[in-house]
Every structure is written in structure tokens, then in C-alpha cells.
Amino acid sequence: MNGLCTGRVAVVTGAGRGLGRAHALALAAEGAAVVVNDLGVGVDGTGSGAGPAQQVVEEIRALGGRAVAHGGDIATTEGAASLVRTALESYGRLDALVNNAGFLRDRMLVNLDEDDWDAVMRVHLKGHFLPLKHAAVYWRAEAKAGRTPVARVVNTSSGAGLAGSVGQGNYSAAKAGIVGLTLVAAAELARYGVQVNAVAPAARTRMTEATFAETMAAPGDGGFDAMAPENVSPLVVWLASPASAGVTGRVFEAEGGRITVMEGWRPGPTVDKGARWNPAQAGETALQLLAEAEVPRPVYGAGQAGPSPDAAVPSATLPGGAG
């Protein structure tokens, strides 16, 4: 296979189903050898099974590509370290990391248990940090040895992390944290030849089908399937390839045939008094500034159109069971 990623080695977490599977297949189609990570868990992170990851590996091999399965818990130090080791032991290098693993535990805030908060933060945010850390250690060593890599990291955020989503306080907070992690990693790792970006996809997966069934349904007339996860993968492949040189610290929304560069927090209207405000003055000024400011994007709720609780495919193990 020849393509944008010929000769490269990519790791994809949560790659047994949904977006992760689509990314793994697309990377392989462009010539990458792929480490397919997945624990085969349910939508809420319970249960486990090696089947989904191995099935994707077999799909890639049947098409003439190279792939190996990894079933470790990437939200643990050993699991994340073994993920990188698997790439190095199997293919001798690592060029791209696609962080995609996650699951949902949706509740309104007043009903959100501490365990459900911790579980979602663990798989999404810690499950991004640890693979990124261990990959970065390898790339730093390569750079210091005079073999500066052409390395890429693609993280998975969400519209929920960019604008909020009613009933998904834990998920939204984790996905917003991934954006912050992306910005820091892009700044810190540039000296080692590493570019770090994030995508906020909207696509049909086990998670989104349950929450946005009507929006996510495939067209019955054979027309363009805007919610197919395969629509997101071309951007991920490009970001994981050398062709994306110079692009780092950016967030892209991807849905159907649409790609959007997201523009984050930046200064809006401002007033500097040059002295301390009293509360009444501060309030009056704040209202004046708000009248001049852009109206924020809506906070998405169940049944609303717009960026969905995207599809990081379930993957990391939770305490006491598979996640």
C-alpha cells in the first residue's frame, strides 16, 4: 500500500469500533502499520473482550496491510507504556498516535455520581495523557539522539468540550480538558519534532446512536451518509502524516463533508479603568461589554442537532472491570 503514511507506524486507541476502527483502516489504506488498541467494552465502559481489536487487525491484513492488536488499559501507566512498546517491538518505530478511547456515563449534574465523574475523566482525559506522555518520552529520546522524528498526535475532543452539552458534565469537562492538553503538548513537544492537534468529530457510533438516533440514522435512499465515521478519518490521516507539516496546536470540527477550524478563547470587548472597580461599576461595565460581545454557541442537549457526544470508541479499563 502506498499513500500519505507509507512507511509510518501509527497507534490508534479505542480502535475496535466506530471512529477508531475507521481511523485504523484509513491509516492502513494510506500505508501505515497500525497498532489497534481496544478492550472491547460496552458503551458505559463495562465488560471486556479482545474480539473487536483483533477483528480490525484481520480486516487490515485481509486488505494487504500491517496491523497488530493491543488490549492494554491505556489509562494506566503500564498499559500506556506497553502500547508504545508494542509499536516499537512490532515495527521498530512510532510515528503517530491517535487518541480516541472513551465512553459515556451521562447524568444531569444533580444526579451525577462521583464514580461516574471519575470514570469518564479517567478514560478520556487520563487515557489521552498517558499514551501521549509515553510516546513523547520515546520521541524526545529520538530527537536527543539526533534522529528528530516527524511525529504526529491527533487527540479527540468533541463539540461537547467546545460548547458544553446538557446532561454530560463529566464528558464535556473531559473533552474540554483534552483541548487544553493539546495546546500544552503542541507547545512543549515542538522542539522534538512532534505536532499535536485535536479533532472534534460528529459521527454515528454506538454512543451517538443512543443519544441522537434520528440525527445519526443512515439515509435510506443510498445518498451521502453524512454521519458515517469514515467521513472523519481522512482529516485524521492527513494530520497523522508528514503532509501536515507546520500544523500544530489546532482544533478541527469534522462532520460529513464539512471541516471547520475552531477558534478558541480570545480577547473580546474590554475596558481598563486604570483603577479598582466597585461591584456596581464592575457589573455595569460587564453588561456593557456583553452587549458588544459575540453571542456564544449554544449548549447542546439531548435531541438537539449539532456536534454530538462524538465517538471516542470505548476502550480503557475501569477499576474492578473492563471499561
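How many nonpolar, polar and charged residues does the lining of the second largest pocket have by class? I worked from a predicted model, in which local features need pLDDT of at least 70 and side-chain atom pairs count only at pLDDT 80 or more, while totals for chains, interfaces and linings use all residues. Residues are numbered from 1 along each chain as its sequence is written, and side-chain values use heavy atoms, with hydrogens and water left out.

Second largest pocket. I found nine nonpolar, no polar and three charged residues in its lining, where Ala, Val, Leu, Ile, Met, Phe, Trp, Tyr, Cys and Pro count as nonpolar, Asp, Glu, Lys and Arg as charged, and the others, Gly among them, as polar. A pocket here is an open set of points on a 1 Å grid over the protein atoms alone, where a 1.4 Å probe fits, with protein on both sides within 12 Å along at least five of seven lines; lining residues have an atom within 4 Å of a point. I noted about 260 Å³ of space in this pocket, a volume being the space filled by probe spheres set on the points, which are joined across faces, edges and corners. Helix H4 (114-144) gives the largest share of the lining, six residues, and H6 also supplies at least two; helices (H or I, at least four residues) and strands (E, at least two) are DSSP runs numbered from the N terminus. The lining residues include Phe129, Lys133, Arg140, Glu188 and Tyr192.

Largest pocket. I recorded a volume of about 1100 Å³, and of its 27 lining residues the closest to the centre are Leu162, Glu263, Gly264, Trp265 and Arg266. Helix H6 (169-189) gives the most to this lining, with four residues, and the lining divides into 15 nonpolar, six polar and six charged residues.

Helix H3. Among the buried residues of H3 are Gly79, Leu83 and Val84, and H3 is followed by Gly92, whose phi is positive, near 80°.

How values were computed. Buried means under 20% relative accessible area, exposed over 50%, partly exposed in between (1.4 Å probe, protein chains only).
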